[in-house]
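Thanks for coming. I have one chain to go through today, and I will keep to what the coordinates give us.

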Amino acid sequence: MDSYVMKVSSNGQVSIPAVARARWKCDRVLMVDFGEYVAMRPLSDHPLDDLQGKYAGRGPSTDEVRAEERAAEAERER
């Protein structure tokens, strides 16, 4: 496990070290405030695909829902 010290800018921004960015290959992170400390973890480009447990694989994809909604909207406009 690696640790990094990062300076917080006056705008509240931090720079993630290049080594960590290269390892995780992500451009977005989730920061969770636990009160006495924070944790950062990489976010997927498709976070819904990462669902695990009870809701994993259930229901239609977002693309399917969008297509159905567009078709229904087009029908209403006719």
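E69 is partly exposed, with a relative accessible area of 43%; buried means under 20% on this scale, exposed over 50%, and partly exposed in between, with a 1.4 Å probe and protein chains only. Its side chain meets that of R76 in a salt bridge, 3.4 Å from N to O, and R76 is exposed at 56%. By salt bridge I mean a side-chain nitrogen of Lys or Arg within 4 Å of a carboxyl oxygen of Asp or Glu.

Before going further, the source: this is a predicted model, where local features need pLDDT of at least 70 and side-chain atom pairs count only at pLDDT 80 or more, while totals for chains, interfaces and linings use all residues. Residues are numbered from 1 along each chain as its sequence is written, and side-chain values use heavy atoms, with hydrogens and water left out.

How many salt bridges does the structure hold? There are three. Besides E69 with R76, D63 forms one with R66, the closest N and O atoms being 3.6 Å apart. Both D63 and R66 lie in helix α2, three residues apart, which is about one turn of the helix. D63 is exposed, with a relative accessible area of 57%, whereas R66 is partly exposed at 46%. R78 and E75 also meet through their side chains, at 3.9 Å from N to O. R78 is exposed with 76% relative accessible area, and E75 is exposed with 52%. As background, side chains of opposite charge can pair when their charged atoms come close.

Now the layout. The protein chain has two helices and two strands, in the order α-β-β-α from the N terminus. These elements are DSSP runs numbered from the N terminus, with helices being H or I of at least four residues and strands E of at least two.

The strands β1 and β2 pair in the antiparallel sense over five bridges; pairing requires that DSSP finds at least two bridges between two strands. Within that pairing, L30 stands opposite R41 in β2. The hairpin of β1 and β2 has four residues between the strands, and G35 takes a positive phi near 95 degrees there.

Which residues form the nonpolar patch on the surface? They are V29, M31, V38 and M40, with about 340 Å² of accessible area together. β1 (29-33) and β2 (38-42) each supply at least two residues of that patch, and M31 is found in β1. Patch members have over 30% relative accessible area and no salt bridge; like charges are joined within 9 Å, and nonpolar side chains (Val, Leu, Ile, Met, Phe, Trp, Tyr) within 5 Å. The areas come from the Shrake-Rupley method with a 1.4 Å probe, and for residues only the protein chains shown count as cover.

For the chain overall, buried residues make up 1% of the 78 residues. Among contacts between residues at least 6 apart in sequence, 3% join residues at least 24 apart, a contact being heavy atoms within 4.5 Å.

Last, confidence. The mean pLDDT of the chain is 85, and 88% of its residues reach 70 or more; pLDDT is the predictor's confidence in each residue, from 0 to 100. Where pLDDT is low, the predicted coordinates should not be read in detail.
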